[in-house]
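This report describes one protein structure, with attention to its pockets, its sheet and its aromatic pairs. The sequence and the structure are shown below.

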Amino acid sequence: MQTLTSPRTPGDRCLLGKALKVLVVAGARPNFMKVASLLAAFEARKAQGEDVEAFLVHTGQHYDARMSDNFFRDLGLPEPDIYLGAGSGSHAEQTARVMVAFEKACIECSPDLVVVVGDVNSTMACAISAKKLGIRVAHVEAGLRSRDMAMPEEINRLCTDVISDYLFTTEPSANRNLVAEGIQPERIFFSGNTMIDTLRKHLGRALDLPLPKGYETGGYAVLTLHRPSNVDAAEPLSRVFSALNAIAERIPIVFPAHPRTAGKLSAIQVHPNIHVIEPLGYLAFVSLMARCRMVLTDSGGIQEETTVLGVPCLTMRLTTERPITCEVGTNLLVGTDPEDIRRTALSILDSPPVRRAIPEKWDGHAGERIADALIAQFQARERVE
Ligand code: UD1
């Protein structure tokens with residue numbers, strides 16, 4: 001395993017003999033924060049004279065303003081260079097549409113490298129299309145494992161990692177998982193967390209936003225819920241809400257509802273102190289999350305963001321692929337039993353907030369480390385070929 005240290009300074013720049021052409025793929029909401037710092041790092045290296053061109057591909061897995069456009073605006077992301085327009089559908093339909101469209105894009109652009117991030121359907125689909133065309137693939141946020149094969153994301157992670165040439169990891173458990181699965185250590189790079197790069201960069205702007213009327217710092221909780229296992233069927237959704245309704249007796253809960261979940265809420269009882277709102281843009285969401293008393297979630301990335309913000313997080317799942325957030329961070333894996341959720345949430349409300357540690361390399365420089373490592377890998381290959 002290669003531990004990436006500080007990003008290089010402009011003085012160490014290594015000029016490539018020919019331009020390194022990189023396609024960076026984003027498909028769904030949690031991808032946009034992860035590619036932002038990487039694109040900025042490639043852009044910075046180019047400005048310093050490196051012969052590298054990075055292009056943004058948006059697969060269109062998430063397509064409406066609330067799930068996609070608002071993030072581009074908040075993060076200052078460039079317009080996508082290539083838009084695939086894949087849209088929603090069953091897993092097979094969505095994955096297949098992305099694969100077909102991305103294969104065409106790769107044939108037209110002939111990139112040297114494709115970078116995929118995270119664990120959504122677009123991640124796996126683009127990795128497979130590129131690899132079958134003989135294009136090298138880098139996976140950012142590799143090696144995370146929930147060991148729960150009922151999660152589509154776990155299947156996406158496994159398939160992507162096994163075919164990727166360069167695997168960039170966010171935490172030690174990911175390094176161990178990849179080695180245990182037989183990935184050669186020289187393909188694994190412990191780089192840190194690009195989602196946290198983005199959080200650190202934009203936190204100040206988020207905190208400049210006023211809280212919505214009626215909310216004050218520490219006086220409300222934030223809820224997100226969209227895992228298929230929690231929301232697709234009425235029974236698990238009602239069970240989770242029986243706990244949330246009890247918690248809402250003690251503290252107001254703001255719930256920016258994912259479209260997958262919003263469509264199911266009419267069938268269950270929702271306490272009036274749970275304020276269901278539209279999905280928020282990045283800055284508005286970070287602003288709410290950073291100042292709340294606690295987060296209740298089944299998301300992956302929010303476990304990491306709350307760890308850095310020092311906000312207590314209750315993860316309503318049976319497993320986490322991000323164990324570092326429980327080991328050193330503020331995350332508590334509470335499961336899905338309503339009584340456990342209720343009891344743990346109330347005990348958080350009754351205790352003073354605890355300050356915990358921030359994981360190694362979650363320092364705002366992961367994107368730079370990744371860009372530098374990829375440029376160095378290609379420079380080394382050029383010398384050999
Ligand atoms: C996807 C990812 C999940 C990620 C989540 C974040 C996979 C397998 N899942 O789940 O890992 O945590 O995004 O949001 O890739 N929809 C809209 N507008 C949109 C996008 C989706 O209304 O812009 C609706 C559609 O009705 C769609 C449903 O949401 O059927 C689910 O979208 P989909 O992309 O299939 O999965 P997510 O649940 O968003």
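The second largest pocket has a volume of about 360 Å³. In this predicted model, two or more residues of its lining come from each of α1, β3, α7 (194–208) and α15 (366–384). Helix α1 gives the largest share of that lining, seven residues. Ala36, Ser37, Leu39, Ala40 and Ala41 lie nearest the centre of the second largest pocket.

The largest pocket has a volume of about 990 Å³. Arg29, Pro30, His62, His226 and His258 are the lining residues nearest its centre. At least two lining residues are supplied by each of α1 (29–47), α3, α5 (152–163), α10 (259–262), α11 (282–290) and α12 (301–309). The table sets out the two linings.

| Pocket | Volume | Lining residues | Composition of the lining |
|---|---|---|---|
| Largest | about 990 Å³ | 47 residues | 20 nonpolar, 15 polar and twelve charged residues |

The strands come next. Eight of them form an open sheet in the order β1-β8-β7-β6-β5-β2-β3-β4, and their pairing is parallel. Strands β1 (2–3) and β4 (82–83) stand at the edges; each has a single partner strand, so one side of each is left without a neighbour in the sheet.

Within this sheet, strand β6 (residues 136–140) pairs with strand β7 (residues 166–169) in the parallel sense, over three bridges. Histidine 139 stands opposite leucine 167 in β7.

The whole structure holds seven aromatic pairs. One of them joins phenylalanine 168 and phenylalanine 189, which are stacked at 5.0 Å centre to centre with 25° between the planes. Because phenylalanine 168 lies in strand β7 and phenylalanine 189 in strand β8 (residues 188–190), the pair ties together parts that are 21 residues apart in sequence. In the order of the open sheet, β8 and β7 are listed side by side.

Note on methods
Residues are numbered from 1 along each chain as its sequence is written. This is a predicted model: local features need pLDDT of at least 70, side-chain atom pairs count only at pLDDT 80 or more; totals for chains, interfaces and linings use all residues. Side-chain values use heavy atoms; hydrogens and water are left out. Two strands pair if DSSP finds at least two bridges between them. Helices (H or I, at least four residues) and strands (E, at least two) are DSSP runs, numbered from the N terminus. On a 1 Å grid over the protein atoms alone, a cavity is a set of points where a 1.4 Å probe fits but cannot get out, and a pocket is an open set with protein on both sides within 12 Å along at least five of seven lines; lining residues have an atom within 4 Å of a point. Grid points are joined across faces, edges and corners, and a volume is the space filled by probe spheres set on the points. Ala, Val, Leu, Ile, Met, Phe, Trp, Tyr, Cys and Pro count as nonpolar, Asp, Glu, Lys and Arg as charged, and the others, Gly among them, as polar. Rings of Phe, Tyr and Trp (its six-membered ring) pair if their centres lie within 6.5 Å; planes under 30 degrees apart count as stacked, over 60 as edge-to-face and the rest as tilted.
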